[in-house]
Each structure stands twice: as C-alpha cells, then as structure tokens.
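Hi,

Here is the model I promised to pass on.

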Amino acid sequence: MNGLEAAVAIFLLIAFISGTLIGVVVIVSIASRREDRRYSLAYEAPDAVCRGARRLLGVGTRGGRPVSHASGRRDAQRREAPR
C-alpha cells in the first residue's frame, strides 16, 4: 500500500467514525426532545429510541409520578412543618 492509499484509508476511517458519532448525537437529541415534549421522564420510555438514549445517558425512570419543582418544594415543606 503506497502513501496515497494509506491516506485515503485513514480519511475513510475518520469519515466513518465521525458520521457514526454525529448520528448518535442526533438520535439522542431527537429522543431527548421527544421525552421533554411528552413529559415522559417520570414513566417508562415511550419507544425504542428513547430507551436507547436513556441507557446511553444512564437515565432511568425517576419515580411513579411527575413532580414539578414548585410542588416538590411545597410537599417537602408540608412534611417538615409541625402539626
């Protein structure tokens, strides 16, 4: 293999790896937007793309019901308040 063939092989390898990484980022971004739009992070993943993105990012189901930040703080204050 001469220098030109080696350069072409290296270029093709870099192009393949770059394309794969860009594809993974795009798919994870689409899955993340889909989860945000459906407010589904508190439940099971709605489809295979979202399940794969959760597994790749290390995110699981976060509880039995969705809780907004404001209501979560109010619930915590109610539990701490003496009765």
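Which residues does Ala31 touch, not counting residues up to four places away in sequence? They are Val49, Cys50 and Ala53, where a contact means heavy atoms within 4.5 Å.

Before the rest, the ground rules. This is a predicted model, so local features need pLDDT of at least 70 and side-chain atom pairs count only at pLDDT 80 or more, while totals for chains, interfaces and linings use all residues. Residues are numbered from 1 along each chain as its sequence is written, and side-chain values use heavy atoms, with hydrogens and water left out.

Overall, the protein has three helices and zero strands (DSSP runs numbered from the N terminus: H or I of at least four residues for helices, E of at least two for strands). Of its 83 residues, 13% are buried (under 20% relative accessible area, with exposed over 50% and partly exposed in between; 1.4 Å probe, protein chains only).

H1 has 36 residues and spans 53 Å from first C-alpha to last, close to the expected 52 Å (1.5 Å times one less than its number of residues). At its start, a side-chain oxygen of Asn2 comes to within 3.2 Å of the backbone nitrogen of Leu4. Just after H1, Tyr39 has a positive phi of about 50°.

Now the packing. The axes of H1 and H2 come within 9 Å and cross at roughly 110° (lines fitted to C-alpha atoms, for helices over the stretch in contact, with angles from 0 to 180 degrees between N-to-C directions). That makes H1 roughly perpendicular to H2 (65 to 115 degrees; under 35 is roughly parallel, over 145 roughly antiparallel, and the rest oblique). Val24, Ile27 and Arg34 are among the H1 residues making the contact, and Leu56 and Leu57 among those of H2.

The largest nonpolar core has five residues: Val28, Ala31, Ala45, Cys50 and Ala53. Such a core is a set of buried Ala, Val, Leu, Ile, Met, Phe, Trp, Tyr and Cys residues joined through side-chain atoms within 4.5 Å. Val28 and Ala31 are buried in H1, as is Glu35, and H2 is part of what covers them.

Last, the loop between H1 and H2, where Asp47 sits. The Asp47 side chain makes a polar contact with that of Arg34 at 2.4 Å (N or O atoms within 3.5 Å; within protein, one able to donate a hydrogen and the other to accept it, with sequence neighbours counting only if both atoms are side-chain atoms). Asp47 also touches Arg38.

Cheers
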